[in-house]
Amino acid sequence: MDLLAYALQVLTVIVAPLVVGLAMGMDRKITARMQNRRGPPVLQPFYDVGKLLSKRPMLLSELQATFAGAALLFHAAALALFVSGSDLLVTFFVSGTGSVCLVMGAFSARSPYSFIGGQRELLAILAYEPVLFLVVLSIGMRSSFLVGDIQGGLLHDLPLVLLALVPVLVVLLEKSPFDVPTAHQEIISGPYVEYSGPYLAILEVARWFQLAFVFGMVTLFFWSGDAVISIAGKLALAFAALFATIVIDNASARLTRENMVSFMLIAGIGLVAINLLVLFILKGSI
Amino acid sequence: MSAGELLAVLLFLVPMIGAVVVLVGRSVPVIKVTVAAVTVVLALSSVGLLLVLASRSFAPLAIEAQALYPLSPVLIVADLALTALFIIIGWRLRSMIIAAAAALNLALTVLLGAWTGFSESDPAMLIDNLALIMALITSLVGSVIAIYSFRYMREDPRQPRFFAVTLLFLGGMNAAVFSNDLLWLFLFWDVTTLCSFLLIAHDGTMEARDAARRALAITLGGATAFIIGAVLALEQYGTLSISDFPVAGLGGLALLPLSLLAIAAFTKSAQLPFQSWLLRAMVAPTPVSALLHSATMVNLGVYLLLRISPSIVNAAAINWLVALISGATFLASNILAMTQRNAKRVLAWSTIGNLGLVAMCVGISTSLAIAAGVILLLYHSISKALLFLSVGAAKEGLGSEDIEAMEGMRAKMPFVSAALFIGIFTIVLPPFGMFASKWIISSAALTFPLLIFLLGVGFASTLVYYFKWVGNILSAAPGSRRVTLRADPLPANYKWTLGSLMGGAIVLSALIGPVIRYLVQPFIDRHFILPVGTNDLNIFTSSGEFPVLVLLLLVGLIFAGLAIIVRPGEEEMSKPYASGEDFDFESRGNYFASEAAVMQGIKVSEGAGVLLVVLLIALPIALEVM
């Protein structure tokens, strides 16, 4: 039984990023339909990664490869910690280290667009990390930070905290209005500009792992005693969050850096604060 | 005299004697031999003291005043002489504030002396695990800084003065953390004030004198708060012995001594609104900055807070104010650090913020938080010393302390770059030592939910300013000629001192389990219920678990693995993409705020700090009146 649970966890760590890849494909399809286009096949992200892997490696600095690999491994480690039911706070910080590795990779290639992209990515981290941190702490405040111990009631108690996760997802999915770091029309995909071929594929997969962790946090909000209902509800919730970001993406234009940071911090922190305050008033304790 | 007592006395007396020898000897060889001998004694004695305490399963070691008989009369005279000296200094600097504060201090010291009949409370010195941790930091990190100074200060014409004051500083610091009698602590508190004044003024320039004057005015004002607090403590609690302070049932005026001691601590640790002296102190030579920020001085303030934390914890009326002042300091300093382009100023704001975090832990007032504070203080000292000394070494090579001057430094000065990376990683990233305490603080702050909002923004800002800096160092032009780590022409002195701190930071990170169990836990256990658990591999709190060694192993594997897999030279090197143009660029800017905005930010934070500090004094009085 223990071995089975262990195998199931390993399987989840492998499958979850693939599901995210599939969701990226659906994202492109839905976005295309919203814009009256046909869009690429749903499996396009996998074709892309496959194609990139087959290309000739080119770099500006060998450190780029090191940091790309480190980003992948840190994000994968974060997902593994999350799936194995470890401390959510530790998981959050490990995932943050992965994001920092992307920044360092961008800086280690001395290139104007990459440099600006790195600086902007840092600002994006400044914008979403505090909100994500507060989401993690609000979840832990109820009983425990151990993912394995978190059970139902999150959606009921912390609906605004879930709402605060949506702009975070917008930043992480590199969508308007917060696609500041990677703005392809302005700075040609920023931190990724000097990556190509297999290294770009590594970064793309790293992003899938990162998103799997953050979407995993979204799924924590739904819980049911019945395993089937639980899994169906979790997937529905994650898809709803993804759909919300797609709508926002198509309905908005890019904001400036300052707007991104101030909006994220004010809205995100505000939502969490209001939620905790209301909860405190209703329950007398958090 | 027992072995423990002997080692304790060695720890503060030997550096002081060394200071006299340096002043008398004056020639460089004499200085080097003396300082080297003192550092050896400090290192051996501090580790010896650790072993002695370990052999008595970390029961505190009390030293009666009689055991130090010939010393105590000397100390009384020294106390009065030092306070009188401050009056003279104030007079010569034509600073009314300094002279007035010093005169008040002298009067109150005499009053206290007369009140107690010039006899110390027993035990006069008490060495528990907190004092031991502080002594280890001062002795070991301080020794590394002193040895580093051999090279850094080699062309300085005032070397005898510099090394004498440095040694006196280390001795004074050790004596201060051992002191249990408030009057003794006051004397050594003033010794560190004097030493910092002399060291900041070391260069003798106008700017240095101004900075030193500012530092003296603020920290001497803090000393006045300290001595008034001591007088009130004697009046309210009937004792000057810190270990006899009441830990429960404090209210009204009985809170005032704690408020005043906390304010003294805030001046020493450069918390808002008293932070300006530490920033101006950046004019001093780099080893002085390292000393002030990691081994001595600012640590003493938060040490005092931790020392009186058993009383503060139960003083519900004021501990939230302590948490707010230091929490505001943490937030403001981290935001302001993002706007700085001088590496030493970034580090200065970062120190202020980290000490704020330690003080905030005392304000949160749970055993978990206080444990986190002690851990943070320990690991911060090592990493911060490493960062300052690296900036000093970088300045020798680059001629500048600006972050922008360090652009692409990894190609030219790989050793210093590695030292900076390790210093920054051990401060910011999991699973190194400082991260463990940040993790515990995050859990601990849940009992004070307002603080989690400050923490969130503060932690993210930390990432921004440190990695902006890392980014500049990394940004080396492709194809530029690289110096390998082994061929780095850095002087051997720097390689050894930086190397030992790098090793220390990493090894202690791996040993955090034992550090918590044997160093931090015994102090916490004396006053609080069990907060943090450890089985040496993992750290537990009631609400979470942090697998330190697993993560450390993972990080090690990640980088070792990548170093093996990624072979430089096999890939084709391309040119940077620049829309078809061919140009180099300068990585300027990204400081997000104009000079005026920064000034305004400082003013607003100082205003908030003043308000909260006034409240900290007014609240006990208001409670008494009501």
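In this predicted model, helix α2 (residues 28-55) of chain B packs against helix α6 (residues 159-178) of chain B, with an angle of about 15° between them and their axes 10 Å apart. Because angles under 35 degrees count as roughly parallel, that makes α2(B) roughly parallel to α6(B).

- Two packed helices are described by the angle between their axes and the distance between the axes.
- The crossing of α2(B) and α6(B) is left-handed.
- On the α2(B) side, the contact is made by B:Val28, B:Ile31, B:Val35, B:Val38 and B:Leu42.
- Facing them from α6(B) are B:Gln159, B:Pro160, B:Phe163, B:Leu167 and B:Leu170.
- What kinds of residues make up the contact of α2(B) with α6(B)? They divide into nine nonpolar, one polar and no charged.

**The pair α7(B) and α8(B)**

- Helix α7 (residues 182-200) of chain B and helix α8 (residues 206-237) of chain B pack at an angle of about 175°, and their axes are 8 Å apart.
- Angles over 145 degrees count as roughly antiparallel, and α7(B) and α8(B) are therefore roughly antiparallel to each other.
- Among the contact residues of α7(B) are B:Phe186, B:Trp189, B:Asp190 and B:Phe197.
- From α8(B), the contact includes B:Ala208, B:Leu216, B:Phe226 and B:Ala233.
- The residues of this contact between α7(B) and α8(B) divide into 17 nonpolar, three polar and one charged.

**The largest nonpolar core**

- The largest nonpolar core has 343 residues.
- Which residues have the most contacts inside this core? They are A:Val135, B:Cys361, B:Val374, B:Ala385 and B:Leu386.
- Helix α16 (residues 367-398) of chain B gives the most to this core, with 20 residues.
- Leaving aside residues up to four places away in sequence, B:Ala385 touches B:Val141, B:Val144, B:Ile145, B:Ala290, B:Ser294, B:Ala295 and B:Leu501.

**Where chain B meets chain A**

- 46 residues of chain B are in contact with 55 residues of chain A.
- On the side of chain B that touches chain A, at least two residues each come from α19 (433-444), α20 (450-474), β5 (544-546), α23 (548-565) and β6 (572-573) of chain B.
- Which of these elements gives the most? α20(B) does, with 14 residues.
- The residues of this side of chain B divide into 30 nonpolar, 12 polar and four charged.

- Most residues other than glycine have a negative phi, and most peptide bonds are trans.
- The peptide bond from B:Leu272 to B:Pro273 is cis, with omega near 0°.
- You can find B:Pro273 in the loop between α9 (256-268) and α10 (276-280) of chain B.
- B:Phe58 has a phi near 60°, a positive value in a residue other than glycine, and B:Phe58 lies in the loop between α2 and β1 (61-63) of chain B.
- B:Met297 is not a glycine either, yet has a positive phi of about 35°; B:Met297 sits in the loop between α11 (286-295) and α12 (298-307) of chain B.
- Is B:Met297 buried or exposed? B:Met297 is buried, because 26 other C-beta atoms lie within 10 Å and a residue is buried if there are 20 or more.
- B:Phe58 has 19 C-beta neighbours inside 10 Å, so B:Phe58 counts as partly exposed.

Notes. Residues numbered from 1 in each chain as written. Chains lettered and ligands numbered in written order. Predicted model: local features only at pLDDT ≥ 70, side-chain atom pairs only at ≥ 80, totals over all residues. Contact = placed C-beta atoms within 7 Å. Helix = DSSP H or I, 4+ residues; strand = E, 2+ residues; numbered from the N terminus. Nonpolar A, V, L, I, M, F, W, Y, C, P; charged D, E, K, R; others polar. Axes fitted to C-alpha atoms, helices over the stretch in contact; angles between N-to-C directions. Parallel < 35°, antiparallel > 145°, perpendicular 65-115°, else oblique. Left-handed = near helix turned anticlockwise from the far one by under 90°. Core = buried A, V, L, I, M, F, W, Y, C linked by C-beta atoms within 7 Å. Buried ≥ 20, exposed ≤ 12 C-beta atoms within 10 Å, placed from the backbone.
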